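Subject: Structure for you to look at

Hello,

Here is the structure I said I would pass on. Please look it over first; my notes follow below it.

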Amino acid sequence: MALRLQGKLALVTAAGQGIGRAIAEAFAAEGARVIVTDVDNKKLEGLKSLKRCKLDVRSTASIEALANEVTTELGALEVLVNCAGYVHHGSVLDCSEQDWDFSFDLNVKSMHRTIKAFLRQYFVRRFLDPRGPRPLCLRRHKSRRHRAHQGGCSRFHQERHPGQRHLSRHDRISVAGGADQGPVARDR
Ligand SMILES: NC(=O)c1ccc[n+]([C@@H]2O[C@H](COP(=O)([O-])OP(=O)(O)OC[C@H]3O[C@@H](n4cnc5c(N)ncnc54)[C@H](O)[C@@H]3O)[C@@H](O)[C@H]2O)c1
């Protein structure tokens, strides 16, 4: 193998068997640090990996907890493989509304859950963690008098960092440890 994923942190859902397992094995062979997950964690035995976790992709709470745990322990995820899925057998006539809801939840909504949880953590760590390569500066802006001395209106309306758009106000506040008062905050 050419080690095309050398050092990359990757997470694979449904890595216990089939396509997910094959991806996890190929990623490890390419040098990735692979976190393998499955709803049935017994299936993960024997897989070469950095971390093995039970994960039901139908549970938002479990996904959010794992995203937080992984990012805190190992840093921001770089590759996410959403492999968990299920295909009902039979025709549309055999498919009940319950079957449809189950499939849609497992095959489609699960991806929204994982992407949202890991992407949020990615932005929080990548842009706000002072140990990261590009930490966002969320200091309160200098006094109005100081800014006036700098001259030019652009000083009052600096553009926000693009990464900040992806964070809810809650995330910005909790990570920065104080309210982001923005460039036009009132002087106290
Ligand atoms: N096999 C094919 O020909 C084929 C073709 C196209 C797409 N797909 C899709 O690729 C994916 C994998 O297919 P496969 O054939 O390897 O599947 P598979 O049935 O062999 O394996 C599915 C894995 O998903 C796990 N899983 C089930 N529910 C889960 C949940 N709620 N949370 C986490 N993990 C769960 C199972 O434990 C199992 O390990 C599926 O999404 C499938 O729809 C498969």
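A residue is called buried under 20% relative accessible area, exposed over 50% and partly exposed in between, with a 1.4 Å probe and protein chains only. On that scale, 35% of the 188 residues of the chain count as buried. This is a predicted model, in which local features need pLDDT of at least 70 and side-chain atom pairs count only at pLDDT 80 or more, while totals for chains, interfaces and linings use all residues. Residues are numbered from 1 along each chain as its sequence is written, and side-chain values use heavy atoms, with hydrogens and water left out.

Overall fold

The chain has five helices and four strands, in the order β-α-β-β-α-β-α-α-α along the sequence. These are DSSP runs numbered from the N terminus, helices being H or I with at least four residues and strands E with at least two. Contact here means heavy atoms within 4.5 Å. Among contacts in the chain with a separation of 6 or more, 57% are between residues 24 or more positions apart. The chain exposes about 12,100 Å², and carbon and sulfur atoms supply 52% of that; accessible areas come from the Shrake-Rupley method with a 1.4 Å probe, and for residues only the protein chains shown count as cover.

Cores

In soluble globular proteins, nonpolar side chains tend to be buried together. I use nonpolar core for a set of buried Ala, Val, Leu, Ile, Met, Phe, Trp, Tyr and Cys residues joined through side-chain atoms within 4.5 Å. The largest such core has 16 residues, and the members that touch the most others are Leu11, Ile35, Val57, Leu66, Val70, Leu77 and Phe118. Strand E1 (9-12), helix H2 (60-74) and helix H3 (97-128) each supply at least two residues of this core, with H2 giving the most, four residues. Beyond its neighbours within four places in sequence, Val70 is in contact with Ile35, Lys51, Gly75, Leu77 and Phe118. Another core, of 14 residues, lies apart from this one and includes Leu5, Ala10, Ala28 and Val36.

Lys51, one of the contacts of Val70, is found in strand E3. Lys51 counts as buried, because its relative accessibility is 15%. Outside the four places on either side in sequence, Lys51 is in contact with Val34, Ile35, Val36, Glu69, Val70, Glu73 and Leu74. The side chains of Lys51 and Glu73 are joined by a polar contact of 3.2 Å. A polar contact is a pair of N or O atoms within 3.5 Å; within protein, one must be able to donate a hydrogen and the other to accept it, and residues adjacent in sequence count only if both atoms are side-chain atoms.

Ligand site

The ligand is surrounded by 16 residues, the closest being Gln17, Ile19, Asp38, Lys43 and Asp56; a residue qualifies if one of its heavy atoms lies within 4 Å of the ligand. By class, this shell has nine nonpolar, three polar and four charged residues. For that count Ala, Val, Leu, Ile, Met, Phe, Trp, Tyr, Cys and Pro are nonpolar, Asp, Glu, Lys and Arg are charged, and the others, Gly among them, are polar.

Taken alone, the ligand exposes 830 Å², of which the protein buries 61%.

Lys43 lies in the loop between strand E2 (33-38) and E3. Lys43 is partly exposed, since its relative accessible area is 32%. Neighbours within four places in sequence aside, Lys43 is in contact with Gly16, Gln17, Arg21 and Asp38, and its side chain makes a polar contact of 3.1 Å with that of Gln17.

Other points

Ser59 is in the loop between strand E3 (51-54) and H2, and is partly exposed at 21% relative accessible area. Ser59 and Thr114 are 55 residues apart in sequence, with 9.8 Å between their C-alpha atoms.

Two residues other than glycine have positive phi values: Leu3, at about 55°, and Ala14, near 55°. Leu3 is in the segment before E1, and Ala14 is in the loop between E1 and helix H1 (18-29).

Regards
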